[in-house]
Amino acid sequence: MEKNKKAKEKQDKSAVASNLRDFFIDGLKDIYYAENALVKTLPKMFEQATDQKLKTAIKDHLAQTKEQVVRLEKAFESMGEKAEAKQCHAIDGIIKEGEEIMNETAEGPVRDAGIIASAQKVEHYEIATYGTLAAFAKTLNERTALDLLLKTLGEEKKSDMLLSYIADTNLNSQAVDGKLQSKDLNAV
């Protein structure tokens, strides 16, 4: 038993990032996992959504996410690294929470509002991650990776704004009690 513990500790220490480049690559592996997990999750969200604008946004974001996966593969390649995923517990938790929301809400505006809330948590995680990775790429003078990461960061910010727009233009008001409410309220 003690022997297995020591072997595990040795393995854990060999996986520890010892410099910014290692930490950067580890972050790329994390977001690569996350984007691939979203490629599997977005179709489920599409099926559960009822609002047409939301369905279109999810469908478009799925295509964009697939492009982002390819972009990450190019970032790895530009650094002479193999594209490899490392389990991202954060995205797993956000996805699990989103699935619970879809299971625990009635079909229609309330579920759609929940899908938007879940999707925005994903976007905010991605915005934070891509912003950090871009800063690392800049510091490490990884110009190709930086350009690829900044392109994706911009897309994630636009996706977040689109989700806010869809929620604010009518969907959240409908979710109040299933009736159409005033559209004159501004976003928070």
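Select D112 to start. D112 is buried, with a relative accessible area of 2%. Here buried means under 20% relative accessible area, exposed means over 50%, and partly exposed lies in between (1.4 Å probe, protein chains only). The model is predicted: local features need pLDDT of at least 70, side-chain atom pairs count only at pLDDT 80 or more, and totals for chains, interfaces and linings use all residues. Residues are numbered from 1 along each chain as its sequence is written, and side-chain values use heavy atoms, without hydrogens or water.

**Stop 1: the whole protein**

Zoom out and colour by secondary structure. How many helices and strands are there in the protein? There are six helices and zero strands. Helices (H or I, at least four residues) and strands (E, at least two) are DSSP runs, numbered from the N terminus. From that end, the order is α-α-α-α-α-α.

The protein has 188 residues, and 40% of them count as buried. Now show the surface.

Look at contacts next, meaning heavy atoms within 4.5 Å. Take the contacts with a separation of 6 or more: 78% of them join residues 24 or more positions apart.

**Stop 2: helix α5**

Return to D112, which lies in helix α5. D112 and I166 are 54 residues apart in sequence, but their C-alpha atoms are 10.0 Å apart in space.

Select all of α5, residues 109-139. The end C-alpha atoms of α5 are 44 Å apart, which agrees with the 45 Å that its 31 residues should span at 1.5 Å a residue. The expected span is 1.5 Å times one less than the number of residues.

Pick Y125, also in helix α5. Is Y125 buried or exposed? Y125 counts as buried, at 18% relative accessibility. Leave aside neighbours within four places in sequence, and Y125 is in contact with D30, I31, C88, A90, I91 and I94.

**Stop 3: helix α4**

Select residues 89-103. Helix α4 has 15 residues and reaches 21 Å from its first C-alpha to its last, close to the 21 Å expected. Its buried residues are I91, I94, I95, G98 and M102. They cover an arc of only 95° around the axis, which puts them on the same side of α4. The arc is that of the directions from the helix axis to the C-beta atoms. An α-helix has 3.6 residues a turn, so residues three or four places apart point the same way.

Turn to the face away from that buried side. There you find the exposed residues H89, K96 and N103. What covers the buried residues of α4? The cover includes α2 (20-48) and α5.

**Stop 4: a cavity and a pocket**

On a 1 Å grid over the protein atoms alone, a cavity is a set of points where a 1.4 Å probe fits but cannot get out. A pocket is an open set with protein on both sides within 12 Å along at least five of seven lines, and lining residues have an atom within 4 Å of a point. Grid points are joined across faces, edges and corners, and a volume is the space filled by probe spheres set on the points.

There is one cavity of 30 Å³ or more. The largest cavity has a volume of about 90 Å³. Select T41, M45, I95, G98 and S118, which lie nearest its centre among the 13 lining residues. α2, α4 and α5 each supply at least two residues of that lining.

Move on to the largest pocket, with a volume of about 270 Å³. It is lined by 16 residues, and A57, H61, E123, S159 and L163 are the closest to its centre. At least two lining residues come from each of α2, α3 (52-78), α5 and α6 (143-177).

**Stop 5: T152**

Select T152 in helix α6. T152 counts as buried, at 2% relative accessibility. Not counting residues up to four places away in sequence, T152 touches E35, Q68, R71 and Y130.

**Stop 6: N141**

End at N141, in the loop between α5 and α6. N141 is exposed, with a relative accessible area of 54%. Although N141 is not a glycine, its phi is positive, about 60°. Most residues other than glycine have a negative phi.
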